[in-house]
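User: Can you walk me through this model? Start with how you use the word "buried".
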Amino acid sequence: MLKILAVCGAGLGSSFACQMSVESVLKELGVEAKLDHTDISSVSGANADIVISGKNFEKQFERYSISCPKVFLNRLVDKKEIKEKLVPVLQELGAL
């Protein structure tokens, strides 16, 4: 099962809201995954298949060596944007 991690600055509010939106999109697509959320300073220690975060954190991710695909969103809870950016990654990983 895929592990998807939503990431924000503190690992509380916006990453949790993003996680809930991603869960909704995955349900619509019929994809099962384990989702969690965390803060950006903990992301390098997390073992995830996909990391989703806000576009505003993209530069900060350069500090961490994360080998999994990263999806950066302009609007963390926009299900249309999540679907547009997540579907190609899911297809690449063979989950869709």
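Analyst: Buried means under 20% relative accessible area, exposed over 50%, and partly exposed in between (1.4 Å probe, protein chains only). This is a predicted model: local features need pLDDT of at least 70, side-chain atom pairs count only at pLDDT 80 or more, and totals for chains, interfaces and linings use all residues. Residues are numbered from 1 along each chain as its sequence is written, and side-chain values use heavy atoms, with hydrogens and water left out.

User: OK, E81: buried or exposed?
Analyst: E81 counts as buried, because its relative accessibility is 4%.

User: Which helix is E81 in?
Analyst: Helix α2, residues 79-92. Helices are DSSP runs of H or I, at least four residues; strands are runs of E, at least two; both are numbered from the N terminus.

User: What does the side chain of E81 reach?
Analyst: The backbone nitrogen of R75, at 2.9 Å. A polar atom of the E81 side chain also lies 2.7 Å from the backbone nitrogen of N74.

User: Switching to the sheet. What's the strand order?
Analyst: β2-β1-β3-β4, an open sheet with parallel pairing. Two strands pair if DSSP finds at least two bridges between them. β2 and β4 are at the edges with a single partner strand each, so one side of each has no neighbour in the sheet.

User: How many bridges join β3 and β4?
Analyst: They pair over 4 bridges. V51 has K70 in β4 as its bridge partner.

How values were computed. A polar contact is a pair of N or O atoms within 3.5 Å; within protein, one must be able to donate a hydrogen and the other to accept it, and residues adjacent in sequence count only if both atoms are side-chain atoms.
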